Every structure is written in structure tokens, then in C-alpha cells.
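Subject: Handing over a structure

Hello,

Here is the structure I promised to pass on to you. Please open it first, and then read my notes alongside it.

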Amino acid sequence: MASKSSNFLERHGYDLVLGSIAAFYVFMAPYTKVEESFNVQAMHDILYYRNRIDNYDHLEFPGVVPRTFLGALFVSSLASPSVLAMELLHLPKVYSLLAVRLALGGIILSTLCFFRLQVRHKFGRQVEAFFVILTAVQFHLLFYCTRPLPNILALGVVNLAYGYWLKEKYYAAINCLIFATVIFRCDILLLLGPLGLELLLTKRISLWKTFKCCSLCAVFSGLTVIVDSIMWKRLLWPEFEVFWFNSVLNRSSEWGIHPFYWYFTSALPRSLLAAYPLFLLGVLLERRVLLFVLPALSFVLLYSKLPHKELRFIISSVPMFNLSAAIAATRIYNNRKKTFWNLLYPVMLGLLLISLGCTVISFMASNENYPSGHALKHLHQTGHLANSSNEHWVHIDTFSAMNGISRFCENNFPWRYSKEEGIPPEELHRRNFTYLINEHPAIDGFKCLFAVNGFSRVRLRTGFPPVLLVKEPKVYVHGNVRNEDVMHRIWPGC
């Protein structure tokens, strides 16, 4: 029995560590934001409306650009047994949100496990161990791996590509990147191009065989056109429309722009933390790793040309940078008793501790970043009226819908919900809403019942703790003054 337990831990111990951290993030910060909106609503609708497509959220709120349903379908199918059990137990739907997020995290971490095993085979167990340590003390990769973003769905396939690349199955790696490009994120083309060029120049693949192999994969990936044309009720290839919107029309810049160097001065330092200087050192110490890092680095450089930048856009490069950093960390550890290296070793330990501290602060800030989800939960707990035969209509404004509320957060009768957009605040009292979840502290015809704080900024101070999170009211819950049941209850107030 002890031998079996030891073998299990040896085989899956690292997966348990990373999976436990990711699951902790899910349970502590279960709600989602606007960037995840399409996939999280699609998963809800697939699980609860099934073939009643007319009830799906995306037909009423299509978003700026269409996205594929293939990822949502796959994750929902894995989570469906758990969701069915929750329905039979009459648990709130928010538990189903946990189920789909955990299912997604399991998918992404299983592909990361495949990559990690290839790291072990090619570079050794010590490099594998440091790869896990660096990943564990980083915040963004494990926090995001359970979040239903197109970038994360693409990351799962990119991890497979990285694994096949280390395994020297080059055509499989190329096919994975084509699949990710065609279906999940067209910008993976910026990784596919440099990798394909490197493999051609180093004569690891032939142009003709690549063309034949990739053509079959591209045709198979055309499944997205069939499925998404049905779901969106028009002929559609989602990632082509995304490419046209972001790259040709450059409309993504309407959501803000950053300078060319932003990924290297802000996004990568925040996502890699200790691994950032170590990955640069790894390139210098190990000639083999340069060929693996170069396409990932080219991916970030090419992406830097697009004015609109977000950290999640380049998260697919993080595992490969972590590999380079793990190689540097292994070299430092093995030579820690030698001159010069004995100076680098305490520096590396200090960097790991700083990374851990930054991760804790990032998590605490992110935990306060979903105020409307907490507001709706509190309203469900305290706002159920004695006369439950009447419907409790809740209006959710755009800000609240973007910061924590999804269809998974909704309860059954007597609760009803409206996300109708474009209603001026002065017009809300003319509607028959029982409650409002709103970013405005005062609304005519409504009384502010309570407010929910959200993260505002980090403040440094000389005392202990040296870092404080400053919170301020972000979302307000209002009650209709004409509803006597609401007015007669005791509320915390604003």
C-alpha cells in the first residue's frame, strides 16, 4: 500500500500541487468578468437550455465579435455529470459555475502535465521540479487556467504543441497550433509562423509534408464553421471575424492602447515574476533552450505591434519562458557551493520569496475584483420577501454584468432578472423593478439598501503589513420605495 501511495505521489504529486492551487483560486474567487462572458454564458446555456438555442444569451447580447462554441461544448460535456447531480440535489446554479471552471482547469493542467513530462524526459527531473516551483509561485497562469477565456482554451492546445515539440514530433506540434489558430485564437498564428520557420530552417520538417499534413488539420478545424454557423444562425467562421476586427480594422485599440514595449516592461514581469530574469539567464546558460525560447519570444515581439495589449494575450508564452527559467534555476542550485554561483543562489531564493509575496497580494486584490457577484449573492440571502408568490425583478446594469454576474449566479422563481441596456437612471423608477444592482449610489424612486466594496489600489506604508489593499464602494443594491415589503425590512444601508 505504501509503495502504491509513493508511486502515485511520484507520478501525480506535481499535478496535485498545481491543481490544488488552481482549485483554491476557483473556490475563493468563483465569479467571472466581462472577458469571460461569452464562454461562461455559453456553458450555462448548453447545460441548462441544451437544444433551445433561442434562449441562449449570445443571441441577445452577441458581444463585439463572435466566438466559437466548440470550447464551451467540450468543457460543458465534461462538467455535465456533476451539474446533473447538483440539479438533482437542488443546489444553486453557482455550484455549476464551480464545476465548469474546475473542469476547464483540469483540461488545461492536464495539457501542462503533458508538457512537464516532456521537460523531464529532455532536461531531467531537477528542471521539472523547478518548472513546477516557478509555476506555483506565479499568480496569473494558475489563476487564469480555470477562467473560460478564448486565450486559455488556446493555451491548452499550445501546451500540447510545446510537448510534442520537445518530443520531436514536429508535425503534431504544428497541427496543434493550426487547430488553436483556426478555432480558438487567430493570434496563435504569430507563434505558428516563427515555430514553423525555425523547423524549416533547421530541416526538422519538409515544406511539402507540412503542407499536406496541415491541410488535413485545417480542413478538420473547419468543424468550427459548421457548429458556429448553427449556433449563431448565420454563416460564420468566428476567428476570421476576430482577425478582421482586431488586425485589419484595428478596432481593438478602441479599448485602450499601450506602447510597443509594454509586454516586456509590465505584462511579462508581472506574469513571470522570478522567472523573468531567470529565463533570460537560462538562454545564456543552455544553448539548447534558445531554439525553444526564440519562437515564444518572437510571438511576444510580433504581438507588440498591435496597439491594444493585455496580459492574457501572451499567456501562451509563459510555459516556455518558465522552462528556460527552470534550466537557469537548476544550474544555480547545482553549483550553489561554487564561487560566484554561491552569490546567485541566495538571490534566486529571494526572488522566489518575492514572487510568492506578489502572488499573495495579487490574489487578495483579485478576490475583491468581482463586487457585483458578491452583491447578488448577498441579495439572494437577504432580499427574499415574505410574499414569495410575487416575482422579484432585479435589474443588472452593464457595469455589474461586467464585474461578477453571469447566468450561473441567477436563482429560480421568484427571482427574475433583466440586463436591458440603455435605460437612463432617471427612467428606472418607471419600470417595475424590485431591486437594482447598479454602479450609481443614488437612483430616483429607489432606496440604497447596501453597497459592496471592490479593489481600488495598493498602498505602501512603513508599518506592518507594509502593503495594504484599498477598497471602496463599487456596486450598490437599491430597493423600490413603492414596495412596502422591501421598505419594511432592515438593511445595512449605504
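Let me start with a serine inside the fold. Ser355 counts as buried because its relative accessibility is 2%, where buried means under 20% relative accessible area, exposed over 50% and partly exposed in between, with a 1.4 Å probe and protein chains only. Ser355 sits in helix 18, residues 341-367. Helices (H or I, at least four residues) and strands (E, at least two) are DSSP runs, numbered from the N terminus. Leaving out residues up to four places away in sequence, Ser355 touches Val137, Leu273 and Ala274; contact here means heavy atoms within 4.5 Å.

A word on where this comes from: you are looking at a predicted model, in which local features need pLDDT of at least 70 and side-chain atom pairs count only at pLDDT 80 or more, while totals for chains, interfaces and linings use all residues. Residues are numbered from 1 along each chain as its sequence is written, and side-chain values use heavy atoms, with hydrogens and water left out.

Now the whole chain. Its secondary structure comes to 21 helices and 5 strands. The radius of gyration is 25 Å, close to the 23 Å that the globule rule gives for 494 residues, so the chain is as compact as a globular protein of that length. That radius is taken over C-alpha atoms, and the globule rule is 2.2 Å times the number of residues to the power 0.38. Along the principal axes, the C-alpha atoms fill a box of roughly 75 × 60 × 55 Å. Of the 494 residues, 51% count as buried. Among contacts with a separation of 6 or more, 76% are between residues 24 or more positions apart. The accessible surface is about 23,300 Å², and carbon and sulfur atoms hold 63% of that; such areas come from the Shrake-Rupley method with a 1.4 Å probe, and for residues only the protein chains shown count as cover.

Helix 10 (residues 189-201) and helix 16 (residues 287-303) pack at an angle of about 145°, with axes 8 Å apart. Axes are lines fitted to C-alpha atoms, for helices over the stretch in contact, and angles run from 0 to 180 degrees between N-to-C directions. Which residues of helix 10 and helix 16 make the contact? Helix 10 brings Leu190, Leu191, Pro194, Leu195 and Glu198, and helix 16 brings Leu291, Leu294, Pro295, Ala296, Ser298, Phe299, Leu302 and Tyr303. By class, that makes 11 nonpolar, 1 polar and 1 charged residues. Here Ala, Val, Leu, Ile, Met, Phe, Trp, Tyr, Cys and Pro count as nonpolar, Asp, Glu, Lys and Arg as charged, and the others, Gly among them, as polar.

Next, some backbone details in the loops. A cis peptide bond, with omega about 15°, joins Phe413 and Pro414. Pro414 belongs to the loop between helix 20 (398-402) and strand 2 (415-418). Lys233 is not a glycine, yet its phi is positive at about 65°; you will find Lys233 in the loop between helix 12 (223-232) and helix 13 (238-248). Phe340, also not a glycine, has a positive phi of about 75° and lies in the loop between helix 17 (318-334) and helix 18.

Is His121 buried or exposed? His121 is exposed, with a relative accessible area of 61%, and its place is in helix 5 (residues 94-123). His121 and Lys167 are 46 residues apart in sequence, and their C-alpha atoms are 8.5 Å apart in space. Lys447, in strand 4 (residues 446-460), is partly exposed at 41% relative accessible area. Not counting residues up to four places away in sequence, Lys447 touches Val477, His478, Gly479, Val481 and Met487. Thr398 belongs to helix 20 and counts as partly exposed at 39% relative accessibility.

Enjoy looking around!

Best wishes
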